[in-house]
Amino acid sequence: MLAILILGSPADRDFAAKIAAALDDFGIPHVTRIASAHKVPRYLLDMLAAYEADPQPKVYITVAGRSNALSGMVDASVAAPVIACPPYSDKFGGADVFSSLRTPSGVAPAVVLEPDNAALLAAKILGVGDAALREKVLAVQEQQRQRLYAADKV
């Protein structure tokens with residue numbers, strides 16, 4: 001099993017590090033790569049072909065802001081699930097997220113805006129074929145419930 005984080009630029013590293021830390025909490029092996037769909041499309045496609053040739057279960061998590069062509073291009077090029085987790089930009093008041101939300105027909109990356117939740121969705125997807133990972137997801141959900149119950153004590 002593998003989570004492949006693909007960043008649109010080095011500027012996305014800090015945001016992607018939050019996703020990587022959450023993946024570590026689930027024990028999901030991951031790699032972080034940088035490949036812009038706009039600037040190095042052939043490089044990106046070659047990278048994806050290499051990952052797709054590996055039969056192990058995988059999920060891609062794309063981290064790109066502004067005009068997020070990365071998520072759509074990755075999704076259109078692979079059979080594995082793609083999770084788009086674009087970083088929020090104060091510069092654009094959040095309007096740049098629309099490039100992640102509206103994709104052409106036949107291109108369907110999931111869009112998750114919180115890094116921890118992107119890792120959680122990856123764990124749920126990969127957990128379909130991994131009982132131990134599925135148990136970790138259930139344990140995290142139970143911990144969240146218990147925190148709420150404790151907070152509600154009067």
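This is a predicted model: local features need pLDDT of at least 70, side-chain atom pairs count only at pLDDT 80 or more; totals for chains, interfaces and linings use all residues.
Lys58, Tyr60 and Thr62 point one way from strand S3, while Val59, Ile61 and Val63 point the other way, and all are buried. S3 is mostly covered, with six of its six residues buried.

**The sheet around S3**

Let us step back to the sheet. In what order do the five strands of the open sheet stand? The order is S2-S1-S3-S4-S5, and the pairing is parallel. At the edges are strand S2 (30-34) and strand S5 (110-111); each has a single partner strand, so one side of each is left without a neighbour in the sheet.

On one side of S3 comes S1: six bridges join S1 to S3, and the two run parallel. Leu7, for example, has Val63 in S3 as its bridge partner. S3 (residues 58-63) also pairs with strand S4 (residues 82-84), in the parallel sense and over three bridges. Tyr60 has Val82 as its bridge partner in S4, and the partner of Thr62 in S4 is Ala84.

**A closer look at Thr62**

Leaving aside neighbours within four places in sequence, Thr62 is in contact with Ile6, Leu70, Ser71, Val74, Val82, Ile83, Ala84, Cys85 and Pro86. Two of these names, Leu70 and Val74, will come back when we reach helix H3. Thr62 also shows how the fold brings together parts of the chain: Thr62 and Ile4 are 58 residues apart in sequence, yet 8.2 Å apart in space, C-alpha to C-alpha.

**Helices on the sheet**

Now for the helices. Helix H1 (residues 13-26) lies across strand S1 (2-7), S2 and S3, and runs at about 170 degrees to S1. H2 packs on the sheet as well, touching S1, S2 and S3, and its direction makes about 160 degrees with that of S2.

**Helices against helices**

| Pair | Axes come within | Crossing angle |
|---|---|---|
| H2 (residues 41-53) and H3 (residues 69-77) | 10 Å | roughly 40 degrees |
| H1 and H5 (residues 115-127) | 8 Å | roughly 40 degrees |

Why is H2 called oblique to H3? The axes cross at roughly 40 degrees, and that makes H2 oblique to H3. The crossing of H2 and H3 is right-handed. On the H2 side of the contact are Pro41, Leu44, Leu45 and Leu48, which meet Leu70, Met73, Val74 and Ser77 in H3. Sorted by class, this contact has seven nonpolar residues, one polar residue and no charged ones.

For H1 and H5, the axes cross at roughly 40 degrees, which makes H1 oblique to H5. H1 passes H5 in a right-handed crossing. Which residues of H1 meet H5? They are Phe15, Lys18, Ile19, Ala22, Leu23 and Phe26, and they meet Pro115, Asp116, Ala119, Leu120, Ala122 and Ala123 in H5. By class, the contact of H1 with H5 has 10 nonpolar, no polar and two charged residues.

Definitions and conventions: Residues are numbered from 1 along each chain as its sequence is written. Side-chain values use heavy atoms; hydrogens and water are left out. Axes are lines fitted to C-alpha atoms, for helices over the stretch in contact, and angles run from 0 to 180 degrees between N-to-C directions. Helices (H or I, at least four residues) and strands (E, at least two) are DSSP runs, numbered from the N terminus. Angles under 35 degrees count as roughly parallel, over 145 as roughly antiparallel, 65 to 115 as roughly perpendicular and the rest as oblique. A crossing is left-handed if the near helix is turned anticlockwise from the far one by less than a right angle, and right-handed if clockwise. Contact means heavy atoms within 4.5 Å. Ala, Val, Leu, Ile, Met, Phe, Trp, Tyr, Cys and Pro count as nonpolar, Asp, Glu, Lys and Arg as charged, and the others, Gly among them, as polar. Two strands pair if DSSP finds at least two bridges between them. Buried means under 20% relative accessible area, exposed over 50%, partly exposed in between (1.4 Å probe, protein chains only).
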